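Student: I'd like to learn how to read a protein model feature by feature. Can you take me through one?

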Amino acid sequence: MRVLAAMSGGVDSAVAAARAVEAGHDVVGVHLALSETPDALRSGSRGCCSREDADDARRAADVLGIPFYVWDFAERFREDVIDDFVAAYAAGETPNPCLSCNEKIKFAALAEKAAALGFDALATGHYARLSDGELRRAVDEDKDQSYVLAVLTAQQLRRAMFPVGDTAKPQIREEAARRGLLVADKPDSHDICFIPTGDTRAFLGAKIGVRPGAVVDADSGEKLADHDGVHGFTIGQRKGLGIDAPASDGAPRYVTSIDAATATVTVGPASALGVSRITARHAIWTSGTAPAGPVECMVQVRAHGGLAPVVATPVVVDGEPGIEIALHEPLTGVAKGQAAVLYAPDAVRGDLVLGSGRIATTA
């Protein structure tokens, strides 16, 4: 089988490519040039897509003895990921750019080019597993990336390979060292790849500019502070609100809602953060078929968040497939723009991803 191995320059994708070679596949490595400033240097665990990363990927391919190419996807990445990220924050949402990158770049643009060139599958270093075409959590729960892969369709999953998903990260590093891969001890990237400084607020401010508004109290409607733009806030935020005085009862305030149209950020007590219903748009069911009716399952609303029991029902939202999610108990920290990822509820199939949607409303 001809396999295109996406090689980011990190240890996970290097070992994924090595395992594909070892399995007897005809493997070609490719590094995606996603940055419009590739000469910028990576600083430890900050950023990626630098010239350094491309060089690391090339050296790994040399060790494996496979052909290697660099493909420029910077313009597509800017349009489909960065611009989407900025627009979502400007609209008062809290997006996860890794979801957009997987959906629109790696498993759409890249996978489509791979198929056109005659490749049978795309291998990546994501921590997830495929079993009979079904997406499941990785063995290493701390590194599991099934949440950011839940936007993939059944067709995309059929052409995907996740060779490292059955192994814990420490063992992946040990294997890389045994194989002579110089990235064995390379730090993981923990920040948004296109914001190497780690300062998301400053990045958004430079892109969006000043759009002043007010921070108001949820109960009294009193104006508590001014702000320069709703992009500086997210649901559940406690610090950086610009409020001089505590609430009358001394309790901390949290961002409870964001209205981009009026540039109003509402704050209130922790008790106001709980939501009982979520409506998600852009529903994707990883099996390829939506359930016929309500489904008892579990939901995860942040990349590293916990699971909550829910009833999920396929619906139509703004003319497209959506999901209505009823929580058994109120859930906090739920923000528009995040993904609501559904998992099977039972112990045997609880690592199985059922589908996902992008959170549109909460109540």
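Student: What should I know about the model before going on?

Tutor: It is a predicted model, where local features need pLDDT of at least 70 and side-chain atom pairs count only at pLDDT 80 or more, while totals for chains, interfaces and linings use all residues. Residues are numbered from 1 along each chain as its sequence is written, and side-chain values use heavy atoms, with hydrogens and water left out.

Student: Which strand does Tyr254 lie in, and what does Tyr254 touch?

Tutor: Tyr254 lies in strand β10 (residues 254-259). Helices (H or I, at least four residues) and strands (E, at least two) are DSSP runs, numbered from the N terminus. Contact means heavy atoms within 4.5 Å. Not counting residues up to four places away in sequence, Tyr254 touches Gly236, Gln237, Arg238, Thr266, Val267, Gly268, Pro269, Ala270 and Leu273.

Student: How do I read a helix, say α2?

Tutor: An α-helix has 3.6 residues a turn, so residues three or four places apart point the same way. Helix α2 covers residues 51-64 and reaches 20 Å from its first C-alpha to its last, close to the 20 Å expected at 1.5 Å a residue; the expected span is 1.5 Å times one less than the number of residues. Its buried residues are Asp53, Ala54, Asp56, Ala57, Ala60, Ala61 and Leu64. Down the axis of α2 they fall within an arc of 160°, so they line one face of the helix. That arc is taken from the directions from the helix axis to the C-beta atoms. Their cover includes α1 (11-22), β2 and β3 (68-72). After α2 comes Gly65, with a positive phi near 70°.

Student: Why is β2 described as largely enclosed?

Tutor: Seven of the eight residues of β2 are buried, so β2 is largely enclosed by the rest of the structure.

Student: Which strands make up the closed barrel?

Tutor: Six strands run β12-β15-β14-β13-β16-β17, with antiparallel pairing. One of the pairs is β13 (residues 295-300) with β14 (residues 308-317), over five bridges; there, Val295 stands opposite Ala312.

Student: Last one: how many residues are in the largest nonpolar core?

Tutor: A nonpolar core is a set of buried Ala, Val, Leu, Ile, Met, Phe, Trp, Tyr and Cys residues joined through side-chain atoms within 4.5 Å. The largest one here has 45 residues, and those with the most contacts inside it are Leu4 and Phe162. The largest share of this core, seven residues, comes from α4. Among the residues Phe162 touches are Phe107, His126 and Leu149. A second, separate core of 28 residues includes Ala14, Val15, Ala18 and Ile172.

How values were computed:
Buried < 20%, exposed > 50% of the residue type's maximum accessible area, 1.4 Å probe, protein only. Pairing = 2+ DSSP bridges.
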